[in-house]
Amino acid sequence: VIDGDGSVNYFKRKRSPYFSIRIYSGSEKFLRQLVSKVKNAIDIDGNVRKIAGNVYGVDYTCTRGKILGHYIYSDARIFLERKHLPYKNNVLEVEK
């Protein structure tokens, strides 16, 4: 899902840099189910919001983004490198 309809970013702001995973869908129901499954799996909350027209999104930022990133990528063998790099370079490297 995340590699198909979303983004993984690290924002290097001077005062407060942060990591973000954003997921988008044309189905509000799908995102609400996804948020529920994430909550059940790793106990982090997410809020579905309407972006425009029939596009909905949920953002996991800062600590929640890092927790979700760990969950998604910790044992992953298949992923899009361009979406894995912000996590690898800015979350994993900082935590070493």
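Here is a walk through this structure, from the whole chain down to single residues.

First, some ground rules: this is a predicted model, where local features need pLDDT of at least 70 and side-chain atom pairs count only at pLDDT 80 or more, while totals for chains, interfaces and linings use all residues. Residues are numbered from 1 along each chain as its sequence is written, and side-chain values use heavy atoms, with hydrogens and water left out.

Let's start with the overall layout. The protein chain has 3 helices and 4 strands; here helices (H or I, at least four residues) and strands (E, at least two) are DSSP runs, numbered from the N terminus. Follow the sequence along and you read the pattern β-β-α-β-β-α-α. How does the chain's radius of gyration fit a compact globule? With 96 residues, such a globule would come out near 12 Å, and the protein chain has 13 Å, which agrees. That radius is taken over C-alpha atoms, and the globule rule is 2.2 Å times the number of residues to the power 0.38. Along the principal axes, the C-alpha atoms fill a box of roughly 40 × 30 × 25 Å.

Now look inside. Buried residues make up 34% of the 96 residues in the chain. Buried means under 20% relative accessible area, exposed means over 50%, and partly exposed is in between (1.4 Å probe, protein chains only). The largest nonpolar core has 18 residues, and I23, L31, V38, Y60 and L68 touch the most other members. A nonpolar core, by the way, is a set of buried Ala, Val, Leu, Ile, Met, Phe, Trp, Tyr and Cys residues joined through side-chain atoms within 4.5 Å. Two or more residues each come from β2 (18-25), α1 (28-42), β4 (55-61), α2 (62-73) and α3 (81-95). Of these elements, α1 gives the most, with 5 residues.

(The expected span is 1.5 Å times one less than the number of residues.) Which residues of α1 are buried? They are L31, L34, V35, V38 and I42. These cover an arc of only 100° around the axis, which puts them on the same side of α1; the arc is that of the directions from the helix axis to the C-beta atoms. On the other side of α1, K29, K37 and N40 are exposed. The cover over the buried residues of α1 includes β2, β4 and α2.

Zoom in on V38: leaving aside neighbours within four places in sequence, V38 is in contact (heavy atoms within 4.5 Å) with D43, I44, Y60 and L68. Just after α1, D43 takes a positive phi of about 55°.

In α2, G65, L68, G69 and Y73 are buried. Seen down the axis of α2, they fall within an arc of 110°, so they line one face of the helix.

H84 is buried, with a relative accessible area of 9%, and beyond its neighbours within four places in sequence, H84 is in contact with Y73 and F79. K88, at 35% relative accessibility, counts as partly exposed.
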